[in-house]
Amino acid sequence: MNRFNFPDLGIGVGLRTVHFKHILGSQPDVDWFEALSENYMDTGGRPRYVLEKVAERYPIVLHGVSLSIGGTDPLDFDYLRKLKALARSVNARWISDHLCWTGVSGRNVHDLLPMPYNAESLRHTAERVKIVSDFLETPLVVENPSSYVEFTTSTMTEWDFLAELAAESDCGLLLDVNNIYVSSFNHSFDPNVYVDAIPADRVVQVHLAGHQNHGTHIIDTHNDFVIDEVWSLYGRACARIGDVSTLMEWDADIPDFETVHAEARKAEAFRGSRESGVGGRSDGLDQREPTTDNRQPDEAEVAYAAV
Amino acid sequence: MPLSDAETGSRESGVGGRSKNLDLRPTIFSDPRPPTPDPRSEVVLGALQEWMQSVVTHHGDVYEAAEEASIGVETVILPSATLQPIQRVGIYHSMYMLRMIEALGVDYGALANILGEETFEELVRAYVLRFPSRSYTLNRLGDALPEFIATSKLLKGRVFLRDLASLELAMTQVFDEAETEPLPGDAVSSIAPEQIAGARIVPIPALRLVSADYDVNEAFQAWREERAIKPRRGKTWIAVHRRDYGVFRMTLTREAFAFLGFLIAGETIGSAITMFHRRFRRLPEQNELFTWFRDWSAAGLFAAIEVD
């Protein structure tokens, strides 16, 4: 269990428009769904209707792409207000977004643009994470992005940056093992080192997805099955973290729902594999005060639902 | 007769993107350089983000973007084992425009179809240069496209293209509007006779009126049915509305369009009749009013009646 007592929801699937009819009609046996926040914040149409129907039956987690937590523009409190209202209306179990920025000077590039990993970025991002978590009245959960560049101004690795960010801002982590693999290929690092360095008690959720390997680089396309190397990383993460809410993302060339769900269910083979004594870090980081929120899972959910 | 278009379109704003057409010029291989405790340059975060955005969103290719940028690429980006800094930032550059084209292609499917891939991409490139996204959602990226087309010198047949885009914009707006329970079909006819003139009809939010110089309703339907789109000149009036989460297009007469427009603008039924008289030099006939209100009520266009 993570230090926030966010529950292990099991194995979930990203909620996508092409599957709406199937999900409403068949009510498949899925543990939970993750919805892309921005697709439901500004609409009163069918997507919002479907999300609310799905939320009546399944746990929902909100996952954003436009918070721009690392951006240097001021935080958008109109966006945050709408996000908070949406979270309340669907009883979102938690809210996540990416360690990235999405635009400056009032513009939005609609991409998860990478951060330089240095003291300035860390201070800046940690401060914003704290503000957002306070505003949302729930710890923000931050996901490691895929990236295609490294900056000359970086002075630390991404995994060290994430660990320090989590400690500094008391946020949760969404560990995307496909993103770790993609970035490890693009930046020539050992993905196992990354997985081993992440503070296990901060990890609230794991993402799985497919990608496109162009030989010289990998693009995080979410358009295919999960490759064996990523499953292996997932297994390594499960062994360190324990069973954790796991979600399959499929965003392009999306096959039928059962295919996506079957791919997600492959995660079952790796769950329940936590090695005794390996959940903590040898450097003692996991020995800090165990939690900042001692509420039981049900209490935490109820409290958040009442926000 | 109303033409129905139960909405099935995908308007998701996922950010996964594919890289295509990226010019991977001959690569000079170099060893990856892991971060060191001392930065290799002193570019502060704000300046770095301004620089990267200017390169990623540049309308030319990434090499032109880098030439015009205030900071040299090598000052900011490290090489990888296989790619030079310019190639690495080029991945983001190529994905940016693909994302804009894809987003507008979803909202303006018929327009994209009639323009063809190449011309539509040119249009999008020019459009986002002038109207870049300033919202957290891509759903409203195309709000100024009809207006942009109307003034664009890039295109032939601008009036038809503007009209078609206006119809598609109305459909996306209606798609996203708040859901409201419509009035029962007999609600208008149940207003007491002495209260009719002062009654105000409140429309549902998911309603837009579109007037066009071309029959864009037929053009849009042709696209939906995978027939060839043939621009046909002719004044057209359309009410675009949503019912049971489906988007519908209802063709109207010029008179019905005007009268419904007066009601939507907040006029009472009495003042709408007066304005109609001013416009058409006649009063609406009783059977006209009866038919209009019957059809509009049946379509669920009204949310409430306010009686003084």
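Is Asp213(B) buried, exposed or partly exposed? Asp213(B) is partly exposed, at a relative accessible area of 23%; buried here means under 20% relative accessible area, exposed over 50%, and partly exposed in between, with a 1.4 Å probe and protein chains only.

Some ground rules before I go on. This is a predicted model, in which local features need pLDDT of at least 70 and side-chain atom pairs count only at pLDDT 80 or more, while totals for chains, interfaces and linings use all residues. Residues are numbered from 1 along each chain as its sequence is written, chains are lettered from A and ligands numbered from 1 in the order in which they are written, and side-chain values use heavy atoms, with hydrogens and water left out.

Back to chain B. Asp213(B) forms a salt bridge with Lys235(B), with the closest N and O atoms 2.7 Å apart; the term means a side-chain nitrogen of Lys or Arg within 4 Å of a carboxyl oxygen of Asp or Glu. Asp213(B) sits in strand S3 (residues 207–214) of chain B and Lys235(B) in strand S4 (residues 233–243), so the pair ties together parts 22 residues apart in sequence. Helices (H or I, at least four residues) and strands (E, at least two) are DSSP runs, numbered from the N terminus. Lys235(B) is exposed, at 58%.

Next, Asp215(B) and Arg232(B) form a salt bridge, again with closest N and O atoms 2.7 Å apart. Asp215(B) is in the loop between S3 and helix H9 (216–224) of chain B, and Arg232(B) in the loop between H9 and S4, so this pair ties together parts 17 residues apart in sequence. Asp215(B) counts as buried at 17% relative accessibility, and Arg232(B) as partly exposed at 49%. Salt bridges with shared partners also join Arg162(B), Asp163(B), Asp213(B) and Lys235(B) into one network.

The structure holds 27 salt bridges over all chains. Across the interface of chain A and chain B, the rule finds 2. In one of them, the side chains of Arg88(B) and Glu150(A) meet at 2.9 Å, N to O.

Now the interface itself. The contact, meaning heavy atoms within 4.5 Å, takes 66 residues from chain A and 68 residues from chain B. The two chains bury about 5,500 Å² between them, 57% of it on carbon and sulfur atoms. Buried area is the accessible area (1.4 Å probe) that two parts lose on being put together, summed over both. Arg107(A), His110(A) and Thr152(A) supply 14% of the area that chain A buries against chain B, more than any other three residues.

There are 27 residue pairs in polar contact across this interface, both residues at pLDDT 80 or more. A polar contact is a pair of N or O atoms within 3.5 Å; within protein, one must be able to donate a hydrogen and the other to accept it, and residues adjacent in sequence count only if both atoms are side-chain atoms. One polar contact, of 3.4 Å, joins the side chains of Asp111(A) and Arg99(B). Asp111(A) lies in the loop between strand S4 (95–98) and H5 of chain A and counts as buried at 5% relative accessibility.

Last, a residue of chain A: Ile60(A), in strand S3 (residues 60–63). Ile60(A) is buried, with a relative accessible area of 0%. Its C-alpha atom is 5.1 Å from that of Ala92(A), 32 residues apart along the chain. Leaving aside neighbours within four places in sequence, the contacts of Ile60(A) include Phe33(A), Leu51(A) and Val90(A).
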